[in-house]
Amino acid sequence: MNIALIDVEAWTVVDGAGGIPNNGTVDFTLPVRHRWPGKSSRTYQFYIQYVEDGKPITWTYGPHFTVVSEVSVSLDIKPDDAPNSINLKSQGVLPVAILSTEDYNALEVDESTVYLVDSMILEIASALGEDPPMVFPVKFVTEEDVNGDGLDDLLLFFSVSDLVESGALDEGTEEVTLIGEMFDGIPIKGFDSVRIVPGSTKGKGKK
Ligand SMILES: [Ca+2]
Ligand SMILES: [Ca+2]
């Protein structure tokens with residue numbers, strides 16, 4: 001029996017043997033690392049061909065299944081500030097914009113799923129299989145074109161003190177990651193650099 005994995009859209013064999021009978025377990029590698037520009041999913045199906053006496057006698061197609069990949073979104077932390085300076089002692093909010101593009105409508109982000117965390121802390125938590133400190137926005141402003149390209153962006157405000165108290169931001173933070181989902185459940189991820197600046201009062205003891 002031959003089993004091949006087919007990319008339905010391109011109608012090409014992604015993986016698997018055509019012409020070489022498979023016996024026992026067959027492993028397939030989905031090309032999930034491949035980026036599909038402007039797309040967040042791809043549909044596949046299995047092609048199964050029965051072989052008898054070395055000759056293919058019949059074939060069938062398995063059900064379609066869709067692989068959903070993460071959408072990379074463009075973030076702009078503090079839209080009017082280039083170094084993205086953050087004072088950890090601030091009692092204010094940190095504005096973070098998810099930018100829309102011709103192919104991506106940031107206004108379709110499910111705001112209730114969005115959180116922000118230091119990229120390094122996120123990486124460590126992921127490696128340990130733990131949840132990172134999740135800090136959700138305190139306020140949203142939608143339909144604001146922060147970069148003047150004519151497309152409305154999603155602007156979210158995070159409490160700086162919440163970010164610091166939860167451990168989502170600290171003195172060593174150089175980059176933050178935003179994670180969330182679209183209303184249709186497709187995961188999103190974006191990042192931007194930040195510069196932690198000393199507070200107006202004397203710096204507290206360092207870790
Ligand atoms: Ca900025
Ligand atoms: Ca815009």
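Lys78 is partly exposed, with 17 other C-beta atoms within 10 Å. The term covers counts between two limits: a residue is buried if 20 or more other C-beta atoms lie within 10 Å of its own and exposed if 12 or fewer, with C-beta atoms placed from the backbone. This is a predicted model: local features need pLDDT of at least 70, side-chain atom pairs count only at pLDDT 80 or more, and totals for chains, interfaces and linings use all residues. Residues are numbered from 1 along each chain as its sequence is written, while chains are lettered from A and ligands numbered from 1 in the order in which they are written. Helices (H or I, at least four residues) and strands (E, at least two) are DSSP runs, numbered from the N terminus.

**Positive phi**

- Most residues other than glycine have a negative phi.
- Lys78 has a positive phi, near 50°. Lys78 sits in the loop between strand S7 (74–77) and strand S8 (85–87).
- Glu143 is not a glycine either, yet its phi is positive, about 50°. Glu143 belongs to strand S11 (residues 139–144). Glu143 is exposed, with 9 other C-beta atoms within 10 Å.

**Mixed sheet**

- Four strands make an open sheet in the order S6-S14-S13-S10, with mixed pairing. Two strands pair if DSSP finds at least two bridges between them.
- Strand S6 (71–72) and strand S10 (109–118) are at the edges; each has a single partner strand, so one side of each lacks a neighbour in the sheet.
- Helix H1 (residues 119–128) packs on this sheet and touches S10, S13 and S14. The direction of H1 makes about 95° with that of S10. Axes are lines fitted to C-alpha atoms, for helices over the stretch in contact, and angles run from 0 to 180 degrees between N-to-C directions.
- Strand S13 (residues 175–182) runs antiparallel to strand S14 (residues 187–193), joined by 7 bridges. Glu175 has Ser193 in S14 as its bridge partner.

**Antiparallel sheet**

- Another open sheet has 4 strands, ordered S7-S9-S12-S11, with antiparallel pairing. S7 and S11 are its edge strands, each pairing on one side only. The twist averages 25° from one strand to the next.
- S11 pairs with strand S12 (residues 153–159) over 4 bridges. Lys139 stands opposite Phe157 in S12.

**Val135**

- Val135 lies in the loop between H1 and S11. Val135 is buried, with 23 other C-beta atoms within 10 Å.
- Beyond neighbours within four places in sequence, its contacts (C-beta atoms, placed from the backbone, within 7 Å) include Tyr115, Val117, Phe158 and Asp162.
- The C-alpha atoms of Val135 and Asp162 are separated by 6.9 Å, with the two residues 27 apart along the chain.

Conventions
Two residues are in contact if their C-beta atoms, placed from the backbone, lie within 7 Å.
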